[in-house]
Amino acid sequence: ELSVGGGQDKLNYYVSGGYFSQDGIMINSKFDRITTRANVEYRPTSRFKLGNTFTYSRSTSNRVSESNIDSRGVIFRTLTRPPTESPYD
């Protein structure tokens with residue numbers, strides 16, 4: 001995360017951006033997010049204020065396809081197995 005803000009008597013601004021990345025609990029699964037925000041405010045008089053806000057966010061995720069395994073999914077199958085069962089064949 002990174003942000004910058006400042007201004008003067010009549011003009012204020014704020015800009016921020018961030019990046020988040022996290023690996024999933026399954027092999028080859030991942031989540032990424034990028035966010036940006038910018039605010040500008042102008043006050044020519046004490047009774048009048050003009051401002052603008054811009055926000056952008058984009059996220060991508062790599063999910064493991066579960067359609068080839070079972071209709072209930074690999075996570076469900078993993079959680080419902082007995083703890084004494086071997087994870088390999």
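Me: How do the side chains of Glu41 and Lys49 meet?

Reply: Side chains of opposite charge can pair when their charged atoms come close. In this predicted model, Glu41 and Lys49 meet through their side chains in a salt bridge, at 3.8 Å from N to O. That distance counts because the cut-off is within 4 Å.

Me: With which residue does Glu41 form a salt bridge whose closest N and O atoms are 3.6 Å apart?

Reply: The partner there is Arg43.

Me: Is Glu41 buried, partly exposed or exposed?

Reply: Glu41 has a relative accessibility of 27%, and counts as partly exposed. The reading follows from two cut-offs, because buried means under 20% and exposed means over 50%. Arg43, at 36%, is partly exposed, and Lys49 is partly exposed at 48%.

Me: How many salt bridges does the count come to?

Reply: The count is three. Among them is the pair Arg81 and Glu85, whose side chains meet at 3.7 Å, N to O.

Me: What is the relative accessible area of Arg81, and what is the relative accessibility of Glu85?

Reply: For Arg81 the value is 40%, so Arg81 is partly exposed. Glu85 has 43% and is counted as partly exposed.

Definitions and conventions
Residues numbered from 1 in each chain as written. Predicted model: local features only at pLDDT ≥ 70, side-chain atom pairs only at ≥ 80, totals over all residues. Heavy atoms only, no water. Buried < 20%, exposed > 50% of the residue type's maximum accessible area, 1.4 Å probe, protein only.
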